[in-house]
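I opened my notebook to look up a few things in this structure.

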Amino acid sequence: MGIPNLLRFLKPFIEPVHINKYAGKRVGIDAYSWLHKGAYSCSMELCMDPKSTAARRYISYFMHHINLLRHYKVVPVVVFDGCSMPCKAATDNKRQRKRELSLNIAKEKLKQGNTAAAVDQFRKAVRITPSMAYQLIQILRSENVEFVVAPYEADAQLAYLTTLDADQGGIAAVVTEDSDLIAYCCPAIIFKMDRFGNGEEFTMERTLKTEKDGLSFRDFDQQLFTGMCVLAGCDFLPSISGIGTKRAYSMISKYKDINCVVSNLKLDKRYSMPDDYADSLWKTLAVFNHARVFDVKSKSLKHLKPLDKQYLTYLDGDLDILGPALSPSIARGIAEGHLNPITMKAFDHYSRIISPIDFLDTSAFDIANKRGSQEISTQKSCITIFSSQENNENMIVDEISSDGKKCKKGVLALGKFVLQKQSTRVEGDEVELKNIPENNPFKKRKLPIGKGQEMGQNELLIDLQDEESILLCSSSQESNHTIKNTKQLSFSQEDYDEPSLLVNEVPITVCSSFTRHSVKSMPNKIVSKRQTILKRSMDKTNKKLTRNGCVDKDFSICLP
């Protein structure tokens, strides 16, 4: 991706930078460069099971960097790639074949048990699709992050935004991993930005005005600089065999005219230049200067720069090389993220709704969907999600907090979790103390006076078990912590034949399905069993009282 070895060649002109340099300014983000880097962490999942939750980790990577920029008061403007350019078809086909080959190798390595080698091949096989980009768009929209989907190349769209003022939607710099942005002569580009905001900055002004390590671009204008990049090879046109960045620089520096360079290359027997190379070269230069982009103000397509007669002659009226023309409605639908830039059709309904939810832990949604609850407790999410209403363009943003607080009302309108009618909130999710049944074993009890009887051990145990089931119904972290720190009851087993029931922890995922309603509607056979055990216990107690003439108190309750 990009121009081979260009960054290494221009290293003397690249300086370290931190993103806080652009605090208070708008910075463009090459979305696909971050998506590719984020996809490395879940490459195998994306290739084998793209609908799984683990395959959404690239969104977490992306949003971390977005939040990093916002932390330093930088306004991010995310730009996505659109449809492929016609002149890039050969490059795209070549890359697709490589990805398919890597995928086959990865599957073979996985069958052999060589996971490390398989993951390495899966990373080469990952392809960022419009559907993946659309899933991210939903998060950006709900987070109020500005974005635009380019009709074709995101690089051209970013280069266009650098020519605008900030009040017109312009940007001061671009964050990317694609060296093609240099060929577009963007004024400031940040490469290799890490998760802390450190990166490497290239500025066109510094490069054209300084001389370092024997390199000087003082005699270059932007057209010559772009010509050097194209001669070195790019996505639109491969270089001539034997011509790299250094050779292209030396020839441009020597002749200072692109036509003269092409003529000398044709005469030089060391190089084998195709017959149509000169024509392809000028068409590629036309793409870097006049590619079609989306104009935010007019909501339609326009050229990156106004076409001049020189390039019109080379194009010979074939303007589709710059990107086929699109109607304003189609161009706007793509730019706003409503239409798939490849198929020109709206994203399917399921994809629109399920994508943000797949990124989250949906176990709480499953429970709430069955009961009609309008509030859901979460623990590990740090993003916001949206729910669509009657009109797809009218969104209600719902927030999931990272500290275990509850979602705002309306989250269940998402996707397959949509409830046709909002039901009343189920009270079983949290049980207040005032609603705990009277058989609370931790409540101090008085023994019956004058009856010579004592509460049976098994009765107390069963009451405790029932109470434990109710108390554990809360799905919050506080209840779980309290239960884990509760001491168990200890009983003496000397005089009792019936086995005691141990009070164990019950997983929250199981307990969350119990409510006071379900406890009240327990099967009659459980009540009958309880009465049988109670009767046996009382009989044994009466026998002991008859034999000893006193009440045995051989058990104790250990409270926390």
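I began with a rule for sheets: two strands pair if DSSP finds at least two bridges between them. Helices (H or I, at least four residues) and strands (E, at least two) are DSSP runs, numbered from the N terminus.

I noted the ground rules next. This is a predicted model, where local features need pLDDT of at least 70, side-chain atom pairs count only at pLDDT 80 or more, and totals for chains, interfaces and linings use all residues. Residues are numbered from 1 along each chain as its sequence is written, and side-chain values use heavy atoms, with hydrogens and water left out.

**Entry: strands S5, S6 and S7.** I looked up strand S5 (residues 173–176) and found that S5 pairs with S6 in the parallel sense over three bridges. Phe 191 in S6 is the bridge partner of Thr 176. On strand S7 (residues 198–203), I found four bridges to S6, and these two strands run antiparallel. Here Phe 202 in S7 is the bridge partner of Ile 189. The S6 and S7 hairpin has six residues between the strands, and Lys 192 takes a positive phi near 55° there.

Which way do the side chains of S6 (residues 188–191) point? I saw Ala 188 and Ile 190 point one way, and Ile 189 and Phe 191 the other way. All are buried, meaning under 20% relative accessible area, with exposed over 50% and partly exposed in between (1.4 Å probe, protein chains only).

**Entry: whole protein.** I counted 23 helices and 15 strands. Of the 560 residues, 46% count as buried. I also checked contacts (heavy atoms within 4.5 Å). Among those with a separation of 6 or more, 70% come from residues 24 or more positions apart.

**Entry: rings.** I searched the whole structure and got 13 aromatic pairs. Rings of Phe, Tyr and Trp (its six-membered ring) pair if their centres lie within 6.5 Å; planes under 30 degrees apart count as stacked, over 60 as edge-to-face and the rest as tilted. Phe 80 and Phe 147 form an edge-to-face pair, 6.5 Å centre to centre with 85° between the planes. I placed Phe 80 in strand S3 (residues 75–80) and Phe 147 in strand S4 (residues 146–149), so the pair links distant parts of the chain, 67 residues apart. Both Phe 80 and Phe 147 are buried. I also found a cluster linked by ring pairs: Phe 9, Phe 13, Phe 217, Phe 220, Phe 225 and Tyr 249.

**Entry: helix H6 (residues 115–125).** I found Ala 118, Gln 121, Phe 122 and Ala 125 buried. The arc is that of the directions from the helix axis to the C-beta atoms. Their cover includes helix H3 (43–48) and helix H5 (89–111).

**Entry: helix H13 (residues 258–267).** I listed Ile 258, Val 261, Val 262 and Leu 265 as its buried residues. They cover an arc of only 95° around the axis, which puts them on the same side of H13. Helix H11 (222–232), helix H12 (245–255) and helix H14 (277–290) are among what covers them.
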